[in-house]
Amino acid sequence: MPAALQITAAAPDPALLDLPWHIPLAEWPEDILAALPRGISRHVVRFVRMSGRVIAIKEIGESVAHREYGLLRSLQRLDVPAVEPVGVITGRTSRDGEPLDSVLITKHLRFSLPYRALFSRYLAPDMVTRLIDALAVLLVRLHLTGFYWGDVSLSNTLFRRDAGAFSAYLVDAETGDLHPELTRGQREYDLEIARVNIIGELMDLEAGGLLQDVEDTVEIGGMLVQRYTELWKELTEAEEFSADERWRVSARIQRLNQLGFDVGELQMTTDVDGTTVQIQPKVVDAGHHHRRLMRLTGLDVQENQARRLLNDMDTYRVATDRLGEDEEIVAHDWLTEVFEPTIASIPPNLRRKLEPAEAFHEILEHRWYLAEKAGHDIPTSEAVAAYVNNVLPNRPDEEAILELDTATLRAISGDLDDDEE
Amino acid sequence: MASVTYDHATRLYPGSETPAVDSLNLEIADGEFLVLVGPSGCGKSTSLRMLAGLEDVNSGRILIGDRDVTDVQPKDRDIAMVFQNYALYPHMTVADNMGFALKIAGTPKAEIRQRVEEAAKILDLTQYLDRKPKALSGGQRQRVAMGRAIVRQPQVFLMDEPLSNLDAKLRVQTRTQIASLQRRLGVTTVYVTHDQTEALTMGDRIAVLKDGLLQQVGTPREMYDTPANVFVAGFIGSPAMNIGSFKVADGKANLGETHIPLSRTTLDALTEDDKGEITLGFRPESLDVTSEGTEGAFPVNVNLVEELGSDAFVYGQLASAEAAEHITSGAGESQIIVRVDPRNTPMKGDRVWVKIREGEQHHFSPATGNRLPN
């Protein structure tokens, strides 16, 4: 091991030292790789199992590696959904003293799905719309924190199931920049890049015969722009009304809550004679339902999953006639009487299929489906059994789909991997 | 195609008191390759992003051709940021990879094909048009990415440090390719770099910025031969110019045992604010090795000799320690660099006598930093 190897990490794992840093990443022995990654990328990327988890290693230049590491750390602090950085390793040399590129290491996001995997395996109606929605939310959240992405695309995003929908995570921050605040030009340009990239990616799937349910790829790109614009407007625009319509203040806050955002700061101004009021959200935080569920139960799940679980909790509260009781106490009972037994009844060998919260969501869906078929209510225990026996075993494991994005070839690449597909 | 005009363009970031770009005036001619260069934080990238529409222009205006684009959104400015995104799609042919943005814009098929073919010809990609990108080499893929920008036929190409992620060898290759491609296409191009060698080798003209202020704009030759101020003098050129602060007495610039005659014009241009001093600059190649006793010659102690085959450079120090402190160069404080005959190099520890070749010194006012006449 060369003496000059430098590891920059917030919490360095000594197991990092055991990896063969003196070998170019492209030549790492297969037995240490988590899966044989496919695809051609601008950089060489490999997945490796380490200390019971999977890490992603990307070979890039030293300054770029440090820059991206710093950006990902900042995004983490800002609580934006992005892959979690582990560290940067520089000063690599081969056995015969040839310098090797630095690497950026990130944690593999469990239960995350690259968009290509979603298209090539699990086609569901409306999939594209849901992915686009998730990406629009992510882009709005990034822009609210002042992050200019510079290369928004489906390939630079990972998706996690979120109660039938998806939530999106940023994976590649290489072209990004964090500003105190974005200009309109920066936002619109980022959105334009996103539009063109998404259409290009979908056209590529189309050319490969992998795209179904989509008639017009250009329209899908336009949909992102539309969703983004609507959300941005709702989250940031000033609204004016007459002073006797003050209910509109709480209506606005409720609308934002429904979109999954909390209002941290609302600016309210009146005109001189007090006849009109203007309100404008100044600080909004995503994760309204997520935070509420976290506070009540300690469960850390996606936004829509949280919404789903909270709904079930409310149903439980009504069904058990405990509307007058403290929400915290009811939540605790719901957790021990409903949620935990349901999850516990999934056999261990099927637990790699789906995240617990997503499985719970699917069980609720399945219960509704069974009830509709039977024409009467079905007890949860019965629904769980039916779901575990009939549905879950047919699902693929999603804990770690270790494919690299194969949608894009990068134009600038030193050596080419020819193992695409 | 079009010219680009910065007219007192200013960018002041919210919460900041000094502008990141301060009243920039710059005219870029139609078809010109202009390089914005300067140290980090000088405002070069901000200037480019103002032209792209990514940064607000707080005062002044920016024109593309005769059109004021100050408040026009980026996508409507008819510019292309090259290398912004170089993803190629594996299932699409090279032609489709180049033309898909036109398809999105609703350009008729026949016109797309025609524009793609034209671009492919320039880029030497004609025979690959119907293949998949997988069949291409790294360099060819890179050209496909460029082709994507070219088929859009924008008025202006913008490039922000496009080579910074490449290794040294590929950087030099790509540098040449971009420069020659730009000349063939004749599209107005604004290129940002922190690397003055890149600037000198690529640009028709170079604009040097520092602290948000334009220092000088000119051809590489002008920047090198007649730097407008001390900053430009020290920034342009590699190895960098030697710059020293000298006392003026008896019509000469004096530093220790060094006495360099000054012209009447130079002396007359000095003011009271200069406090009897003058800043002298002389490039390593403007020094001749001579013998002790020659008028204007001064002694240099050799610390290091760098042999580059065609050239050799002496890194040293003025022999008088007190005087040495007043000289700086690209090699650092108290350092002086001399180009010497590579077939006749001194040894480390030697003392050589050098003299500035007549007329090759640069004079600057210590008070303003500005160039004084020779």
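Colleague: Which helix of chain B does α4(A) cross, and how do you know that their axes come within 10 Å?

Modeller: This is a predicted model, and the values are computed from its coordinates. The partner is helix α2 of chain B, residues 94-104. The axes of α4(A) and α2(B) come within 10 Å and cross at roughly 115 degrees. Axes here are lines fitted to C-alpha atoms over the stretch in contact.

Colleague: Which residues make that contact?

Modeller: On α4(A) they are A:Arg195, A:Val196, A:Ile199, A:Gly200 and A:Met203. On α2(B) they are B:Phe100, B:Lys103 and B:Ile104. An α-helix has 3.6 residues a turn, so residues three or four places apart point the same way.

Colleague: Is the crossing of α4(A) and α2(B) left-handed or right-handed?

Modeller: The crossing is right-handed.

Colleague: Why is B:Leu129 called buried?

Modeller: Buried means under 20% relative accessible area. B:Leu129 has 3% relative accessibility, so this residue counts as buried. B:Leu129 is found in the loop between α3 (109-123) and α4 (138-151) of chain B.

Colleague: What is B:Leu129 in contact with, leaving aside neighbours within four places in sequence?

Modeller: Contact requires heavy atoms within 4.5 Å. With those neighbours set aside, the partners of B:Leu129 are B:Thr93, B:Val94, B:Ala95, B:Met98, B:Arg113, B:Val116, B:Glu117 and B:Ala120. As for B:Arg171, that residue is 42 residues from B:Leu129 in sequence and 26 Å away in space, C-alpha to C-alpha.

Colleague: How much of chain B counts as buried?

Modeller: Of its 374 residues, 53% do. Chain B has ten helices and 24 strands, and its C-alpha trace spans about 80 × 50 × 35 Å along the principal axes. Among contacts in chain B with a separation of 6 or more, 65% come from residues 24 or more positions apart.

Colleague: What makes strand β4 of chain A largely enclosed by the rest of the structure?

Modeller: Six of the six residues of β4(A), residues 85-90, are buried, so the strand is largely enclosed. Strand β1(A), residues 6-9, pairs with β4(A) in the antiparallel sense over four bridges. Four bridges also join β4(A) to β5(A), residues 102-107, and this pair runs antiparallel.

Colleague: How do you know that these strands pair?

Modeller: Two strands pair if DSSP finds at least two bridges between them. β1(A) and β4(A) have four, and β4(A) and β5(A) have four, so both meet the criterion of at least two. A:Val88 shows the arrangement: A:Thr8 stands opposite A:Val88, and A:Val88 stands opposite A:Leu104 in β5(A). A:Ala9 stands opposite A:Gly87 in β4(A).

Colleague: Why are β1 and β2 of chain A said to stand at the edges?

Modeller: The strands form an open sheet of five in the order β1-β4-β5-β3-β2 (chain A), with antiparallel pairing. β1 and β2 (45-50) each have a single partner strand, so one side of each is left without a neighbour in the sheet. Neighbouring strands are turned by 25 degrees against each other on average, direction ignored.

Colleague: What packs on this sheet?

Modeller: Helix α1(A) does, touching β1, β3 (53-60), β4 and β5 of chain A, and its direction makes about 165 degrees with that of β4(A).

Colleague: How does the span of α1(A) stand against the span expected?

Modeller: Helix α1(A), residues 62-77, has 16 residues and reaches 23 Å from its first C-alpha to its last, close to the expected 22 Å. The buried residues of α1(A) include A:Val64, A:Tyr69 and A:Leu72. After the helix comes A:Asp79, with a positive phi near 65 degrees.

Colleague: What makes a set of residues a nonpolar core, and which residues have the most contacts inside the largest one?

Modeller: The members must be buried nonpolar residues joined through side-chain atoms within 4.5 Å. The largest core has 57 residues, and those with the most contacts inside it are A:Trp149, A:Phe159, A:Leu170 and A:Leu202. Among the elements that give two or more residues are α1, α3 (127-144) and α4 (184-207) of chain A. α3(A) gives the most, with eleven residues.

Definitions and conventions. Residues are numbered from 1 along each chain as its sequence is written. Chains are lettered from A and ligands numbered from 1 in the order in which they are written. This is a predicted model: local features need pLDDT of at least 70, side-chain atom pairs count only at pLDDT 80 or more; totals for chains, interfaces and linings use all residues. Side-chain values use heavy atoms; hydrogens and water are left out. Buried means under 20% relative accessible area, exposed over 50%, partly exposed in between (1.4 Å probe, protein chains only). The expected span of a helix is 1.5 Å times one less than its number of residues. Axes are lines fitted to C-alpha atoms, for helices over the stretch in contact, and angles run from 0 to 180 degrees between N-to-C directions. A crossing is left-handed if the near helix is turned anticlockwise from the far one by less than a right angle, and right-handed if clockwise.
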